[in-house]
Amino acid sequence: MTQILEPPVDKAANPDPTVAAEGWFADFEAALRERDVHRAAAQFATQSFWRDLVAFSWNITTVEDRSGVEGLLTDTLERTDPSRFVLEEQATEEDGVITAWFVFETAVGRGRGLVRLREEEGRWRAWTFLTTLYELKGHEEPRGSRRPMGAEHGATKDRTTWTERREAEDASLGRTEQPYVLVVGGGQGGIALGARLRQLGVPSLVIDKYPRPGDQWRSRYKSLCLHDPVWYDHLPYLKFPDNWPVFAPKDKVGDWLESYTKVMEVPYWSSTVATSASFSEGTGRWTVEIEREGEALTLTPTHLVLATGMSGKPNVPVLPGQDVFRGEQQHSSQHPGPDAYRGKRVVVIGSNNSAFDICGALWEHDADVTMVQRSSTHIVKSESLMDIGLGDLYSERALAAGMTTEKADLVFASLPYRIMHEFQIPLYEQMKERDADFYARMEAAGFDLDWGDDGSGLFMKYLRRGSGYYIDVGAAELVADGEVKLAKGQVSHLTEDSVVLADGTELPADLVVYATGYGSMNGWAADLISQDVADRVGKVWGLGSDTTKDPGPWEGEQRNMWKPTQQPHLWFHGGNLHQSRHYSLYLALQLKARHVGIPTPVRGLQEVHHLS
């Protein structure tokens, strides 16, 4: 569909959802063209949400209701100059809501979006509106019809090969040529962003402390695997093959990340540690001291991205008696696996994903395992989550229905966080009913269950706090059956050979595993740069939902993730594989625009309400 959209008409005269959506866009675009902000905002419902990923705001932001739309357009309309809103496919209607996919252009780029229209006062008005930037004009990625030739045909004297060019690039990087972007952290997030920046032609470098890409996964406990299904976990450009397992074990994930890094030609330095960083307001550049395989080097990138893990620094509790305990103590991130602990008494403090995985693997190796639950945990069975929670977007059935990974990502992104819990609660009610026997057995074993503060389950817990849940791949059955012993309460202290709870319960132990989670990502900034910079940036992650571990006020987006922060030229990137894939595009486009000198006035720079 390429024709100019027709003038709007009311719902009664246009039962066809495509015609109704075309009419809505015609009126909306006319108002934008005439710079009539009030008229454009009137196209939105009384309760409505506009989520913008970079296209208008050079930020990741959500505005609410007509007043929010007016504010966004007042600040951005003139310079954005949006136009050519065109439906990508036929609109659909279900339960009184029209859903329409569309593309559009701005002064500097091209975008894609999804709108949901509801009838209000006899007219179709926008209820949710998603706009995303997917490419910059004149700086399109070399893919599809723009793919590079590769081999140079013909006869050329002193020709350089692809290998020679790559070797020369590697030799100059960080010495005669400085990266424009330095990404600290070479896990899935750093690698995905590195691939995006490579395709956009942004000089960049990803560094990581481990010897090989993927070692972040290989180094973890033996039983670790993906708890999210394969359809949810693709990386940019290169999807997992269709015979890839649904849940890949950690070492297979590590091998994939290593091969991906090589195939996508991600500039990547392994065995490299950043030791300090400072930013010069005068030069607009960072000075980053690093050690690479024992060699000290100084890098001077313009932008610094911390891709050191969404979970931040490990939280290791400080407890009386830790200095006298004669056994081993380790955080879950340091746990090597169960092999050395056969026949040993192990106390695992915590009751979320890592705790269950570690307990399960230790039980398989005949360790005497006790889990200490300090607060309630949300558990969802993997099969139910795949079917009810993800099946319509990320599954073979979704693919068969035409739901590509790219469309699924945008559908998920189009649901405003303010009301996402309303969509999630019915799904988790279904899971609770389907697995009622399982939950009854867990409760009978004394395990404290929850479904989130408002019953919205795993995804909202993840987005709000990044903790407090377990996707059950089998270990919960061990607790239900009493094979893994359960103790409850806060830890008082350690003795030479035991963990003592606040109620006096004594748990004999040869090993204590602290599966006690992680702090905010700005803890990495404090270590690498300074506490002042960490405080200037503030807490990373969470929505401001004013639920457990996600203090208000409402912020509407993930704090400080994938967008500008209060520290100039400092960014945070990461999350699960889905988020690393999806949001790496928007972060890469923001960095590319700055690299080529496109003005990027940021609307709604992240405010700081919490320091960590």
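## A cis proline in a loop

Pro 553 sits in the loop that runs between helix H17 (531-537) and strand S25 (570-572), where helices (H or I, at least four residues) and strands (E, at least two) are DSSP runs numbered from the N terminus. The peptide bond leading from Gly 552 to Pro 553 is cis, with omega near 5°.

## Basis and confidence

This is a predicted model, in which local features need pLDDT of at least 70 and side-chain atom pairs count only at pLDDT 80 or more, while totals for chains, interfaces and linings use all residues. Residues are numbered from 1 along each chain as its sequence is written, and side-chain values use heavy atoms, with hydrogens and water left out.

The average pLDDT (the predictor's confidence in each residue, from 0 to 100) is 94 for the protein, and 97% of the residues score at least 70. Over residues 1-13, however, the pLDDT is below 50, and this stretch has 25 contacts (heavy atoms within 4.5 Å) in the model beyond near neighbours in sequence.

With 1% relative accessibility Val 54 counts as buried, buried meaning under 20% relative accessible area, exposed over 50% and partly exposed in between, for a 1.4 Å probe and protein chains only.

Glu 121 also has a positive phi, near 55°, and is placed in the loop between S6 and strand S7 (123-136). Glu 121 is exposed, at a relative accessible area of 65%.

## Cysteines

With a disulfide taken as a pair of cysteine sulfur atoms within 2.5 Å, the count comes to zero. The sulfur of Cys 225 has its closest cysteine sulfur in Cys 359, and because the separation is 15 Å, the two are too far apart for a bond. Cys 359 is buried, with a relative accessible area of 1%.

## The second largest pocket

Lining residues are those with an atom within 4 Å of a point of the 1 Å grid over the protein atoms alone, and a pocket is an open set of such points with protein on both sides within 12 Å along at least five of seven lines. The second largest pocket is lined by 31 residues, of which Glu 94, Arg 116, Asp 392, Leu 393 and Val 411 lie nearest its centre. Among the elements that each supply at least two lining residues are strand S6 (109-120) and helix H12 (417-434).

Key: On a 1 Å grid over the protein atoms alone, a cavity is a set of points where a 1.4 Å probe fits but cannot get out, and a pocket is an open set with protein on both sides within 12 Å along at least five of seven lines; lining residues have an atom within 4 Å of a point.
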